[in-house]
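I opened my notebook to record what I looked up in this model. Each entry covers one part of the fold.

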Amino acid sequence: MFKKFLALMFCGVLMAQVTADEKSSGDPESALNYKMKSLEGKEVELEKFKGKVLVVVNVASACGLTPQYKTLQALHEKYEEKGLAVLGFPCNQFGKQEPGSSTEIAAFCESKYKVTFPMFEKVEVNGDGAADFYKHLTAVDAKPKGDGKVSWNFEKFLIGRSGAVVARFSPQTAPDDAEFLAAIEKELNSK
């Protein structure tokens, strides 16, 4: 009888472990546990970018920093083969500087800056309506900027190959800034 009890207990422990493993298939620290919609309206599981280094940027078409699209595209072209992906998330929360529809945003990015990196549907990055993805990003105390609300258009988050947020840079940090590039190269070289 005691042997049966031990066997049942052992099976119960194994079953509990299997169930726990199934529930925690995504790393809770990973910024890639989210689904977002592309500009074309297709659902994209961010997990598909695991193993890449990501630069996540909230973008806008009518901002003083909009010319950063050009250097973001150059960054994408320079490092794509090494495993970098730039992800653009249009946002209209700052000065209403991204009023366009997904179709208008796509046309603007293509015609003005020849953007080929992945672009997503317009999102909110702060407040109650913020996308869960951005709630995760802004909760991480990533240097040099730290945690907290996104301050303006073109704030940059650097996500390492594992899916962890490893750095955060202010909107004014240019995509070709030496410190920013050093952080990207450090992540690209860690495998």
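**Terms for the helices.** I take helices (H or I, at least four residues) and strands (E, at least two) as DSSP runs, numbered from the N terminus. The expected span of a helix is 1.5 Å times one less than its number of residues.

**Source notes.** I am working with a predicted model, where local features need pLDDT of at least 70, side-chain atom pairs count only at pLDDT 80 or more, and totals for chains, interfaces and linings use all residues. Residues are numbered from 1 along each chain as its sequence is written, and side-chain values use heavy atoms, with hydrogens and water left out.

**Helix α3.** I checked its length. At 1.5 Å a residue, the 12 residues of α3 should span 16 Å, and the end C-alpha atoms are 16 Å apart, which agrees. Which residues of α3 are buried? I found Ile 105, Cys 109 and Tyr 113. Buried means under 20% relative accessible area, exposed over 50%, and partly exposed in between (1.4 Å probe, protein chains only). Seen down the axis of α3, the buried residues fall within an arc of 30°, so they line one face of the helix. The arc is that of the directions from the helix axis to the C-beta atoms. Thr 103 and Ser 111 are exposed on the face turned away from the buried side. The cover over the buried residues of α3 includes α2 and β4. Lys 114 follows α3 and has a positive phi, near 55°.

**Helix α2.** The 12 residues of α2 should span 16 Å at 1.5 Å a residue, and its end C-alpha atoms are 16 Å apart, which agrees. Buried residues of α2 include Tyr 69, Leu 72, Leu 75 and Tyr 79. Down the axis of α2, the buried residues fall within an arc of 155°, so they line one face of the helix. Lys 70, Glu 77 and Lys 78 are exposed on the face turned away from the buried side of α2. β3, β4, α3, β5 and α5 are among what covers the buried residues of α2.

**The sheet.** Two strands pair if DSSP finds at least two bridges between them. In what order do the 4 strands of the open sheet lie? I read β4-β3-β5-β6, with mixed pairing. The edge strands are β4 and β6, each pairing on one side only. β3 and β4 pair in the parallel sense over 7 bridges. Val 59 stands opposite Pro 90 in β4. β3 (residues 53-59) and β5 run antiparallel, joined by 4 bridges.

**Strand β5.** β5 and β6 (residues 165-169) also run antiparallel, with 4 bridges. They form a hairpin with 5 residues between them, and Gly 163 in the turn has a positive phi of about 100°. Lys 156 of β5 has Val 57 opposite and also Phe 169 in β6. In a regular strand the side chains alternate between the two faces of the sheet. Both faces of β5 are covered: Lys 156 and Leu 158 are buried on one side, Phe 157 and Ile 159 on the other.

**The cores.** A nonpolar core is a set of buried Ala, Val, Leu, Ile, Met, Phe, Trp, Tyr and Cys residues joined through side-chain atoms within 4.5 Å. The largest has 28 residues, and Leu 84 is one of those touching the most other members. α5 gives the most to this core, with 5 residues. Leaving aside neighbours within four places in sequence, Leu 84 is in contact (heavy atoms within 4.5 Å) with residues including Val 53, Leu 75 and Ile 184. A second, separate core of 25 residues includes Met 36 and Phe 49.
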